[in-house]
Amino acid sequence: MIHSNHMDKNNIEILAPVGSMQSVPAAVLNGADAIYLGLEAFSARQNAKNFTAAELIDTVKYCHIRGVKVYLAINTVVFDESIDRLTDTLKVACEAGVDGLIVQDLAVFSLVKECCPNMPIHASTQMTVHTVAGAKMLKELGASRAVLAREMSLREIRKIITEVQIETEVFVHGALCMCVSGQCYMSSAIGSRSGNKGSCAGSCRLPFGVNTPNDYDLSLKDLCLAGHFDELKKLGVTSLKIEGRMKRPEYVAATVKAYSGLKNGIMPDIDMLRAVFSRNGFTDGYFASRINADMFGVRGKDDVTALTEDVLSDLQKTYQKETHTIPINMAFSLDDNLARLRVWDNNGHKTASETTAVQTAINLPLGYESAKQSLSKLGATPFYLDEFTADIKEGLMLPKSELNALRRKACEELADKIAYKEKISFTEPKKASHLTEKKVKKALRARFLTVSQIPFECLEAFEYIYLPVLEVKNNIEILDSIKQKIILEPDRIMFDSEEDTIKTLKELRQQGFENMCVSNPAHIFIGNKLEFKLFGTAFLNITNSLSLNAYSELGISDTALSFECTAGQINHMDNSKTSLGAIVYGYLPLMIVRNCPVKRHRSCKDCNGESVLCDRLGNKFRVICNNRRYSEILNCKKLYLADKLNAFISIDYGVLYFTVEKKSECKQITESFLSNSAPTGDFTRGLYFRGIE
């Protein structure tokens, strides 16, 4: 058993970000109950310093001695060429004795189940789980904890905690992305630096303005829920997560001290938190259901200059000296032949060290007080001396160097015993069998935002048509004759609409609609319960064969792959069990947001639905609204691959992803793809031929 004040199961966990070795004591010595960190690969903060395997082992030992848990983030998408390295990373995690993995990709779930099934899995916020059905799906997948979306309200968090038996982790402090986690492609589309692979360039913090390039309409203030601590505790949240693996150790010290202090009834110094880092202050808008213009903010000169040398110095002092929290007892004996030191704690851990370097005293013999003084020097350890006994024969002495060596050896061995955690066993995975070649169909599908966009004269060209659920419900008579061709598309995010969505899907299922597409774990759970045939979308972020197989086992026999894959990566995927597709046309949605940037400037009733975000280079990104529930920000250029389809030898179908196009445009584009025509106007090939970092 690890000695710690952190082991009280009724104690809400304070989870600290650690991006480097320097931040470890800053978190631990200021009261963190757990830390999370990344290795040099598969971490959603690739630009942090991160940890080597040796540093991870040292960190786990340091933390476990002090009763602090360590979670390893493996929360990026994985590509087939990296599976062997991923396996090695899991082996390192098991050997180091980490307390859990933070995971995004189902490939990691699959490998953990096969190689180290006793390793706890925390489903990353990158999995876009924000509803009851999503949390239930995670539980079925074997996750022990759900890291909930940052955009959730108190009521929505309560609903998950009440209805699903799974640990919950809630972000309480730090940067707020504009986009729902796991669904942002802005950085990869603009500069090939993917947030889903841990290399986000923070493009949204640059100037983006509604109809003007001179504003910051994609930059939110930092999150701060310190004022809601009692509510969070009452909700039964398992863990309070602080964001900031890219931040300096002083930031870690300040934030952890603030939130750990709340557990003891100490209100934090908000001015100190602002000084360490903020963007024009803080917001609690999502949690408090105040989603409005006040949530937006950018880091200005006043924010930067608030962090003075005095503030830094005061924070550094909080972790430069060890805090001695673990009482230990010592029994020292000295006779003619042997000096022996026994050391033990109050939890049954014991050790001993001895030496034969005993000498006859010439001047001062070793006495009780001098022995205690030397042996109680525990400065660099978490120990303090509680009880001390000594049995010392008169007329003998032991050099101080030997006394110090006895103490160091005994304390190091005691620390090892306290920190010891039985390693999670690891079994090498079975190698994938040789793939058999499958003949592909090369079909064409179309996704429409509205029924009014559909060129019905082109219906024969489409194997399937994807349509939003409400659009189908409102146009039953028009669509009834082609219901077998329609794939129902639920809202990609359903913060406050999941129950309505389930009700509508039930009605449509009863009316003979059999096909449904899935973009997140909640959709899969709902679709299986309602016995739909499931079609995966590109927003599942499938980038490897292991994930494909995992989704196939969940009932998906047909899926579009992530548009962050290259054509070459797609061509090497295992397509033996699953029909594969790719989006080959469209103004791709780069962000899906709960706080609409347009609403910052005008009310919904004053919005004509044709607003654009302008960047500093003059590019224009359309903003489209989904029934005032969420908005999507579309790429400034259309993806166009009609003349490049031969580069995709493994896909069974291509998807024309229509959003803002009129019916005539949809018809013209369809005809262009049927004839493999070259592009006209402004277009992009996306990431299919340049890849992501």
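I looked up Glu499 in this predicted model: its relative accessibility is 53%, so it counts as exposed, the cut-off being over 50%. Glu499 sits on the face of α17 turned away from the buried side, along with Lys503 and Gln510.

I then checked its partner. Glu499 forms a salt bridge with Lys159, with 2.9 Å between the closest N and O atoms. Lys159 belongs to helix α6 (residues 154-163) and Glu499 to α17, so the pair ties together parts 340 residues apart in sequence. I noted Lys159 as partly exposed, at 31% relative accessible area.

Next, helix α17 itself. Its 13 residues (498-510) should span 18 Å at 1.5 Å a residue, and I found the end C-alpha atoms 18 Å apart, which agrees. The buried residues in α17 are Glu498, Thr501, Thr504, Leu505 and Leu508. They cover an arc of only 125 degrees around the axis, which puts them on the same side of α17. I listed what they pack against; among the elements are α5 (132-141), β21 (515-518) and α18 (521-529). After α17 comes Gly512, with a positive phi near 100 degrees.

I went on to the other salt bridges; the count is 32. Arg145 pairs with Glu13, closest N and O atoms 3.0 Å apart. Arg145 is in strand β6 (residues 145-147) and Glu13 in strand β1 (residues 13-17), so this pair ties together parts 132 residues apart in sequence. Arg145 is buried at 2% relative accessible area, and Glu13 is buried at 8%.

Last, I recorded Arg340 with Glu354, at 3.2 Å between the closest N and O atoms. Salt bridges that share partners join Glu13, Arg145, Glu167, Glu169 and Lys241 into one network.

Note on methods. Residues numbered from 1 in each chain as written. Predicted model: local features only at pLDDT ≥ 70, side-chain atom pairs only at ≥ 80, totals over all residues. Heavy atoms only, no water. Helix = DSSP H or I, 4+ residues; strand = E, 2+ residues; numbered from the N terminus. Expected span 1.5 Å × (residues − 1). Buried < 20%, exposed > 50% of the residue type's maximum accessible area, 1.4 Å probe, protein only. Arc of directions from axis to C-beta. Contact = heavy atoms within 4.5 Å. Salt bridge = Lys/Arg side-chain N within 4 Å of Asp/Glu carboxyl O.
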